[in-house]
Amino acid sequence: MNDRQVDALVAAAGDGVDCDGLRVAETPDGYRFETPGGAAEGLDEPALRDVAAENPWFVSNWYYWRELDRPAVETAFLRWLEGADDRSVPDRYEALAEGIEASWGELAVEVTLGDDGHRTYAVRHADDADRPVEELAVHTDPLDARELVKYDDRGRYRPLKTAPTLQTGWAFVDLDGRSLVRAVDVVYPATVTNWHLERQGELDVSHWRETMERQTGIYGVIRTWDRGEGYEHVNWVAEACCDDSQCLKRREWEYDDDTDLDVDGGDGAFPCREPCSLVVAAARQWTKLEGEQPQTYEFELTPSEKEQIEDIIDAVADGEAGEIREADVYEGANRYRARFLRAKRFDGDGRLDGVSTDQSR
Amino acid sequence: MQSLVIVAHGSHLNPDASTPTYEHADTIRDAGVFDEVRTAFWKEEPSFREALRTVQAEEVYVVPLFISEGYFTEQVIPRELRLEEWDDDAWESDGTSATHATLEATDVGKTVHYCGPVGTHDAMSDVIVRRAETVTDDPGVGEGVGLAVVGHGTERNENSAKAIEYHADRIAERDRFDEVKALFMDEDPEVDDVTDFFDSDDIVVVPLFVADGYHTQEDIPEDMGLTDDYRTGWETPAAVDGHDVWYAGAVGTEPLMADVVLERAAEAGADVGDAVEAVRRRTRVAGTDTEAGTGAGD
Ligand code: SF4
């Protein structure tokens, strides 16, 4: 706490101060200063200054949160990070001295105390939480995150920013609250804003039906996929794309206002308020593919071959095909195993068991 | 308080699609005349749908980093930004003359000055010329040189061809290049036959695209015969049918594009101070004092 903060407290007392258990007011009998630990009344200004000096945490905490031009969404997020609504000031200050950790998607945010109650923020990938900062590429400009979020650890482009594939090996340090929120917003755009709207009960969710009905151009076709025959297809979309293993947003959109999907929306900290552009683009392709009628095919497969096909689909769907070791021929999705199956079961035109795709021919 | 939001297409597949948008946003941010400079994308995040809620200002200038008026600028963007009062006449445009319209974004209650696309702004002619200077590394390029401005044809969007022709005509009127031609990807005169349309030995080819991608880095170089296989790259200039072809890549990557974005916002009422001059100075081809084109006062 410093003199400027005490001056500010004295100046604010006339209008009343009420922040995290600190209450200060000017009454006809003098100043009143109250914390959960007790109250002092009938104080003149020097006495108010004295009692303020005895409670530096409460005063500097009030001072930090009174910053006037901080947008409400930023205040709400920063306070949530340090658990300001749940923990008392002394409890929090003790924790802040060690550093309070909070998680946001794959981000680990650390809040620490700077001078006079000022907070300092740092953010890195949760997987790097225990690595010494010297091992990480250190940044201070939030906009640097634009490049970091473009590629995953394997160097592949990330078209969906909330996919759980954020690259590791970096840290943003020495951020003030504004810069922290900016950095988070670059990594996971609009998530803080939508989280805040949700907390205020004002999140505007656009469900599947209305979102697809809004589409035009090449995406206009998607609305024909909804035939009033149920919403199972949308369950499949949500299971394919929106599962926590694929996207860290918590899906809040449903089939329509009256019809919830049967698939769980996930446990993410921040909500998804409408099908994203990736889902819309994929839905266009599925609309085309799902317009086909099923046909009956006859294949000969050994039981192990049937299971191998299932293994391959699982490995691709779970993104694990690349991790199966070269010589691990015990895995159905192993490359040699797949090549063997192809050599045995495909004809010269790449058809399974020589069966023509179009059964009408 | 005033904010600028640059809206662009972006891509699910191409990591570089957003790069020019970010770079122009940075240039304008550094000029310091907007309280916030943000970007939003059709295919990336933040989406058009969610960008406005992340800006603080009640007054937002939205500039589309698109080449022509059409489907995106007239249907998709106004719809996704929830500019409910928008209709096709809001810009009162003949296809290349849109300036701006002031509307309310109904989900956030903010005032949106929705600007015409950068591609049809007069200053875009200067960017095309600047692009020619950059690729030839010659701030005085023009004499003895032919300039081809390349775009999609009318097939996808009638206004797209109009924008190409508009700038080709404007640049031709300046008498700086010996010849100036508008060429197209999917109709005559076709870019495939680029050397047929020029007498000049040197031909500078500037595609009017926002970002480099499939068309500018694969299609056009192969179609013009700069290379048989885009993956092996090409020379600049490349010898084609006895001409030297200087292929510039997407005009949208030229730093001077930031100037067009600023001018759009300024014409819609944004207070940009002397940022237009500052950006023009900063993005100039190194080592030159001449200005791009004739329309640019310093
Ligand atoms: S629609 Fe699904 S995949 Fe897309 S952002 Fe929302 S939850 Fe994630």
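Buried area is the accessible area, taken with a 1.4 Å probe, that two parts lose on being put together, summed over both. In the predicted model described here, the area buried between chain A and chain B in this sense is about 2500 Å², of which carbon and sulfur atoms give 41%. The interface brings 31 residues of chain A into contact with 28 residues of chain B. On the chain A side, the residues that lose the most area to chain B are Arg146(A), Tyr157(A) and Arg214(A), which together account for 24% of what that side buries.

Within chain A, four strands form an open sheet in the order E1-E2-E3-E4, and the pairing is antiparallel. Strand E1 (17-19) and strand E4 (38-43) of chain A are the edge strands, each of them pairing on one side only. Neighbouring strands of this sheet are turned against each other by 10° on average, direction ignored. Between strand E2 (residues 22-27) and strand E3 (residues 30-35) of chain A, the antiparallel pairing extends over five bridges, and Arg23(A) stands opposite Glu34(A) of E3(A). Helix H1 (residues 3-13) of chain A lies across E1, E2 and E3 of chain A and runs at about 55° to E2(A).

Elsewhere in chain A, helix H3 (residues 56-65) and helix H5 (residues 89-98) have axes that come within 10 Å and cross at roughly 80°; because angles of 65 to 115 degrees count as roughly perpendicular, H3(A) is described as roughly perpendicular to H5(A). From H3(A), the contact is made by Trp57(A), Phe58(A), Ser60(A), Asn61(A) and Trp65(A), and from H5(A) by Val89(A), Pro90(A), Arg92(A), Tyr93(A) and Glu94(A). By class, the residues of this contact between H3(A) and H5(A) divide into six nonpolar, two polar and two charged.

The residues around the ligand also belong to chain A, and include Cys241(A), Cys242(A), Cys247(A), Cys272(A) and Cys276(A), together with Leu160(A), Trp253(A), Pro275(A) and Val279(A). Lys249(A) and Glu274(A) are likewise part of this shell, which comprises nine nonpolar, no polar and two charged residues.

In chain B, an open sheet of five strands has the order E7-E6-E8-E10-E9, with mixed pairing. Strand E7 (179-184) and strand E9 (238-240) of chain B stand at the edges with a single partner strand each, so that one side of each is left without a neighbour in the sheet. From one strand to the next, the twist averages 30°. Strand E6 (residues 145-151) of chain B runs parallel to E7(B) and is joined to it by six bridges, with Ala148(B) standing opposite Lys181(B) of E7(B). Helix H5 (residues 158-173) of chain B packs on the sheet, where it touches E6 and E7 of chain B, and its direction makes about 175° with that of E7(B). Helix H6 (residues 214-224) of chain B lies across E6, strand E8 (202-207), E9 and strand E10 (243-247) of chain B, and runs at about 175° to E10(B).

A helix pair is also found in chain B, where helix H7 (residues 257-267) and helix H8 (residues 275-282) pack at an angle of about 170°, with their axes 9 Å apart. Because an angle over 145 degrees counts as roughly antiparallel, H7(B) is roughly antiparallel to H8(B). Ala258(B), Asp259(B), Leu262(B) and Glu263(B) of H7(B) make the contact with Ala275(B), Val276(B), Val279(B) and Arg280(B) of H8(B). The residues of this contact between H7(B) and H8(B) comprise five nonpolar, no polar and three charged.

Note on methods. Residues numbered from 1 in each chain as written. Chains lettered and ligands numbered in written order. Predicted model: local features only at pLDDT ≥ 70, side-chain atom pairs only at ≥ 80, totals over all residues. Heavy atoms only, no water. Near = heavy atom within 4 Å. Nonpolar A, V, L, I, M, F, W, Y, C, P; charged D, E, K, R; others polar. Pairing = 2+ DSSP bridges. Helix = DSSP H or I, 4+ residues; strand = E, 2+ residues; numbered from the N terminus. Axes fitted to C-alpha atoms, helices over the stretch in contact; angles between N-to-C directions. Contact = heavy atoms within 4.5 Å. Parallel < 35°, antiparallel > 145°, perpendicular 65-115°, else oblique.
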